[in-house]
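Colleague: Before I use this model, I would like to go through some of its labels and ask what each one rests on.

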Amino acid sequence: MKDLKANPATTLPLDTIGTIAITEIPVEQKKNAKQLAQEILAANKHLQSVYEKRGAMHGEYRVWKLRHLAGKKSTKTTYRESDCFFELDVARVYFSPRLAFERSRIAAQVETGEKVLALFAGVGPFPIIIAKKLKTQQKTADIIANELNPVAVKYMQQNIALNKVSEIVVVNKGDAKKLLKQKKKWADRVITPLPHTAYKFLPQIIDATAVGGIVHLYGFGSHRNEKTKKKTNPFRVLEKKIKTECRKKKRKCKIIFKRVVRPYSPFSVQVVIDFAVK
Ligand SMILES: C[S@@+](CC[C@H](N)C(=O)[O-])C[C@H]1O[C@@H](n2cnc3c(N)ncnc32)[C@H](O)[C@@H]1O
């Protein structure tokens, strides 16, 4: 018991979203899960609840199955990032604080007057952070924020009002493909934070991008060969997909930036590739 108090709670992986901590408990510590969760609460006074991830993220809406471990039994919270507030229910929508750097990286690039397609927008962090930044600088843009999950759409509408950016961000509910098909050569910028399958939307994304527009494409790549354990290029497969689809569409594409967003599994990482479409 003494050891338990001294160490494991602090070494557990934690995502903190507002007043909620979401953790993963290793198999050998499962029997102490509730006590570890109490220790997390004791060590972090701003937290009110601890939940455990159960299995992989599931479904089209990319939502976690969660088990309550300690504190208040509520999955609703308010999260703050880049001077914006986001109300959300962590059990019914996707949200990751780990994309904060990406959101501010892209927000720093958007120029006044741009037309932006913020696809797979969830409760709105990408479009709202971009809009708030522009508004603070007395700039504007035309952002369409698309999302399929009706619960996330409801929260996104709420968050647009909460952050007072309704003159910049308009919500589009439904499948991103349907929206993309209606927006031929419209977008100066397309943001695609659905790393598992964003590449499948590439033909429609390229069609929707204006000449000179930029696409931020998220995906996964392996950074180490599972058998040989040798390092591999995590961007290779996604780059190839971009080149192939651009060629098919007879559009010239130039890769302008790439980075590893975060580790994902022992052999894979989440990546982003920015490319310009001519
Ligand atoms: C990984 S989450 C990203 C959410 C948000 N951008 C963020 O950073 O927190 C991907 C989102 O895409 C939505 N989604 C999945 N398939 C979609 C589709 N075909 N059209 C529109 N949205 C979709 C999911 O419901 C989910 O909210």
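Colleague: In which helix is Arg105 found?

Modeller: Arg105 is found in α4, residues 100–107. Helices here are DSSP runs of H or I of at least four residues, strands are runs of E of at least two, and both are numbered from the N terminus. The model is predicted, so local features need pLDDT of at least 70 and side-chain atom pairs count only at pLDDT 80 or more, while totals for chains, interfaces and linings use all residues. Residues are numbered from 1 along each chain as its sequence is written.

Colleague: Why does Arg105 count as partly exposed?

Modeller: A residue is buried if 20 or more other C-beta atoms, placed from the backbone, lie within 10 Å of its own, exposed if 12 or fewer, and partly exposed in between. Arg105 has 16 C-beta neighbours inside 10 Å, and therefore counts as partly exposed.

Colleague: Which residues of α6 are buried, and what puts them on the same side of the helix?

Modeller: In α6, the buried residues are Ala152, Val153, Tyr155, Met156, Asn159 and Ile160. They cover an arc of only 165° around the axis, so they lie on the same side of α6. The arc is that of the directions from the helix axis to the C-beta atoms.

Colleague: How does the reach of α6 compare with the span expected?

Modeller: The expected span is 1.5 Å times one less than the number of residues. Helix α6, residues 150–162, has 13 residues and reaches 18 Å from its first C-alpha to its last, close to the 18 Å expected.

Colleague: What makes β5 and β6 a pair?

Modeller: Two strands pair if DSSP finds at least two bridges between them. Strand β5, residues 76–81, is joined to β6 by six bridges in the antiparallel sense. Glu81 stands opposite Cys84 in β6. The hairpin has two residues between the strands, and Ser82 takes a positive phi near 50° there.

Colleague: Which residues form the covered face of β6?

Modeller: Cys84, Phe86 and Leu88 form the covered face, and Phe85, Glu87 and Asp89 the uncovered one. In a regular strand the side chains alternate between the two faces of the sheet.

Colleague: How do the residues of the shell around the ligand divide?

Modeller: The shell has 13 nonpolar, four polar and four charged residues. Ala, Val, Leu, Ile, Met, Phe, Trp, Tyr, Cys and Pro count as nonpolar, Asp, Glu, Lys and Arg as charged, and the others, Gly among them, as polar.
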